[in-house]
Amino acid sequence: MTATVPAGTSSAGTTDERLDDIFAPIFARIAEGAVAREEDRRLAYDEVAWLREAKFGALRVPVELGGYGATVRQLFRLLIDLATAESNLPQALRVHWSFVEDQLSALPDAEAERWLRKVAEGTLVGNAITEPGAGAIDRYQTRLTPKGDGYRLDGTKYYSTGSLYSDHILVAADKDGERVSVLVDAAAEGVTQHDDWDGFGQRLTASGTTEFNDVEVTADRILGPGYGTAGRTYATSYLQLVQLSVLAGIAQRVVDDSAEWVRERKRTFTHSTADLPRHDPLVQQVIGRLTSAAYAARTIVLDVADRLDELAATGWQDEKLLDRVEFDVARAQATVIPLVLDATTQLFETGGASITSERLRLDRHWRNARVISVHNPLIFKLQALGDHLLNGSELPYAWSAGQK
């Protein structure tokens, strides 16, 4: 049986209430170990296994193919909730979601249907796109070359986010001067992964180095143009919105942690107008500011997700809507990033020196927010927004890092 779901859409799926019944208990369980994982720098293999077992990666897969048939908005609502529990995990799964969307948009193609069924069975896809040093802008040094009836893949990738948690790795490679996407089995011979990501935040995203040495690739695993190919694409705004959902989740965790701290705290300053911090109007004001920031970040992310749902209904083909969503995501970055960074600092105003205890690890919220925010080139996005408004310049879709 071949699925006939329209390109870019999922069939009528699961309600918000049902999704919450399934995933809220898992998120709560994940949240319980967040501080311990941070202290030990323990990668979240168990936590990913819990999500895999519950088919979290199949949220957007149509019901008839074994998934939940969730809308884009439902996906991002749950990504925010997951980020509230553990900010590393939505980022680790970021490219998985765009892989699923690519397969949805290819339906009723039989190969796309096959991959969606595998996702519904628990398959997760990581990535190996970015390269160190020169060459990242014009030509990847990771090469796909002919070998027998297929190809061989050779090269080194950095920031291979989520690949240590995944079954397959989406690799950006050069094939005769053309950027292509190649899907490689994570356990294939010649694939070596390193947990060597040394950022001071988002430490558990498994964003390390991946080496490919004479990895055999069959022609059916070459999926088409690689990221960075010129032209409009939904993927830029979609992938950036995942990062903003992480920030929205961090903001909510800041609210939860600071409110819990204040409720339990007995000590206060001699200048306080109340005996307990939770009754102090100045402390209450800080909590009010924090919850407002979390609300605004969540609302902005879900508003853009609604636009992505509209775009998905066109099979990602409406150029006018593509531009609108790309423009809105860039504007959302400029609003959400400073909003959340400020909240991760303001939370410390709710307590004295004891709130800085290593036992609490509340500094991780700022570190995580700071690191996730620099994954998108905000200063360049702001310039692009201004140029677009003032001069009608086309929005840049593909962003790469490297030497010009």
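Colleague: Which ring does the charged end of Lys 157 sit over, and at what distance from its centre?

Modeller: This is a predicted model, where local features need pLDDT of at least 70, side-chain atom pairs count only at pLDDT 80 or more, and totals for chains, interfaces and linings use all residues. Residues are numbered from 1 along each chain as its sequence is written, and side-chain values use heavy atoms, with hydrogens and water left out. A charge sits over a ring if NZ of Lys or CZ of Arg is within 6 Å of the ring centre and within 35 degrees of the ring normal. For Lys 157 the ring is that of Tyr 140, at 4.0 Å.

Colleague: What angle lies between the planes of Phe 200 and Trp 366?

Modeller: Rings of Phe, Tyr and Trp (its six-membered ring) pair if their centres lie within 6.5 Å, and planes under 30 degrees apart count as stacked, over 60 as edge-to-face and the rest as tilted. By this rule there are 14 aromatic pairs. Phe 200 and Trp 366 make a stacked one, 5.9 Å centre to centre, with the planes at 10 degrees.

Colleague: How many residues of H4 are buried?

Modeller: Helices are DSSP runs of H or I with at least four residues, numbered from the N terminus, and H4 covers residues 72-85. Buried means under 20% relative accessible area (1.4 Å probe, protein chains only). Leu 75, Phe 76 and Ile 80 are among the buried ones. H4 is largely enclosed by the rest of the structure, because the buried count, out of 14 residues, is twelve.

Note on methods: Helices (H or I, at least four residues) and strands (E, at least two) are DSSP runs, numbered from the N terminus. The expected span of a helix is 1.5 Å times one less than its number of residues. Buried means under 20% relative accessible area, exposed over 50%, partly exposed in between (1.4 Å probe, protein chains only).
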